[in-house]
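Here is a short briefing to read alongside the model. Have the viewer open and follow along from topic to topic.

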Amino acid sequence: MLQNALERWAARFDGPPTVVSQAPGRVNLIGEHTDYNEGLVLPAAIDLNVVLLGREADEDDFVSVQVPDSIDYRGPGWRRYAQACRAALEARGLKPPPIQAVVDSNLPGGSGLSSSAALELAFLACWNQVGGLGLSSFDLAEVAWQAETEFVGVKVGRMDQMASSMGVEGSALFIDMRTLESRPCRLPDGVEIVILDTRKPRALAASKYNERVEECARAAAAIGVPSLRDASLEALEGARLAGLDDVGYRRARHVVTENGRVIALLDALDANNRRQIGRLLAESHESLRGDYEVTVPELDDMVRSARMAPGCIGARMTGAGFGGCCVALIETGSFQDFKAATTGSYDMYGYVKPDIFAVTASAGASCQWY
Ligand code: GLA
């Protein structure tokens, strides 16, 4: 990737870049659609990323070696993510200098592996270094989140930006979205992370996502709590008796039970209880399918196929849903057999050919002088 970026740089600009930054995509192990409800999440930054070559200049000039479609899915162009980051920095009274930048990415487009968060963090890490802004990885995540919610205008939670900025090599990141405290969570020895990309485009993902955000807010109001983080199953039943509609009830039930599953998965990972890990991932998927209604047949059938494959500990959809990827935890050493068996059964459903690959939990965004 760096080589392609350097070639593009040489074709576009005179003289060398001064910094190289990178920011990873992420996969969420559990805690889906909980972040904007002040809940719990367990994502991991992955070893697929956006790489950026940069240099201070007289005016901004951003080019891309290869523009993944995903970066465009919420708006007219990928540059607007960079412009939104600049605007978010300026809104804090900071002065990011104009830069020339070449970006490249090996994150699959439109798959829900957070290529937009990675793009934001690659730019922010560059500005932080070139402009001497002195922001921590937590601050950078916060700026990226503001860029996305206030300047791009999508009401996402903070999970993707925090994972891309604060990821820890070899660990997932447990984040409490109420306190914004996080800590690394090591996977048990012998467990590998696999991504199963259905390559089903995430049609209407942004509008349906916003619809879920509103449904949750409505349910919280009906229960009488500031956010669904504060709701219990008992309070939820009470609200149902008092007239909360079925959709609101099921959305809230997903969020309340999913928060419980995050804690339970932390324990199961800690105890290396493979059976319990598998059970929790299955329950999470089922809740996202039945109660939250963000899966599509491709995701359901992919999970079904993966679960029967050799070496599989557990599998579920990951990210916002409506298409995109599943995640599986598998026994180290079983990847080839797992992939062959999963591909074999999934093929029988007749969807487009999926992309199945192993990833490792990686460090968050960084920037170095070049
Ligand atoms: C998208 C959003 C995140 C989170 C997930 C669902 O990735 O960007 O903030 O809400 O969906 O868990």
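**Strands, cores and a helix pair**

Strands β9 and β10 (residues 325-331) are antiparallel partners, joined over 5 bridges; strands count as paired if DSSP finds at least two bridges between them. Helices (H or I, at least four residues) and strands (E, at least two) are DSSP runs, numbered from the N terminus. Please keep in mind that this is a predicted model, where local features need pLDDT of at least 70 and side-chain atom pairs count only at pLDDT 80 or more, while totals for chains, interfaces and linings use all residues. Residues are numbered from 1 along each chain as its sequence is written, and side-chain values use heavy atoms, with hydrogens and water left out.

**The hairpin**

- β6 (residues 171-176) and β7 (residues 181-186) pair in the antiparallel sense over 6 bridges, with Leu173 opposite Pro184 in β7.
- There are 4 residues between these two strands, and Leu180 takes a positive phi near 60° in this hairpin.

**Nonpolar cores**

- The largest nonpolar core has 108 residues, and those with the most contacts inside it include Leu42, Phe123 and Ile193.
- Such a core is a set of buried Ala, Val, Leu, Ile, Met, Phe, Trp, Tyr and Cys residues joined through side-chain atoms within 4.5 Å, where buried means under 20% relative accessible area (1.4 Å probe, protein chains only).
- Helix α3 (residues 115-130) gives the most to this core, with 10 residues.
- Another core, of 9 residues, lies apart from it, and Val41, Ala141, Met177 and Leu180 are among its members.

**The α3 and α4 pair**

- The axes of α3 and α4 (residues 137-152) come within 10 Å and cross at roughly 125°.
- The contact includes Leu121 and Leu124 of α3 and Leu140 and Ala141 of α4.

Definitions and conventions:
Buried means under 20% relative accessible area, exposed over 50%, partly exposed in between (1.4 Å probe, protein chains only). Axes are lines fitted to C-alpha atoms, for helices over the stretch in contact, and angles run from 0 to 180 degrees between N-to-C directions. Contact means heavy atoms within 4.5 Å.
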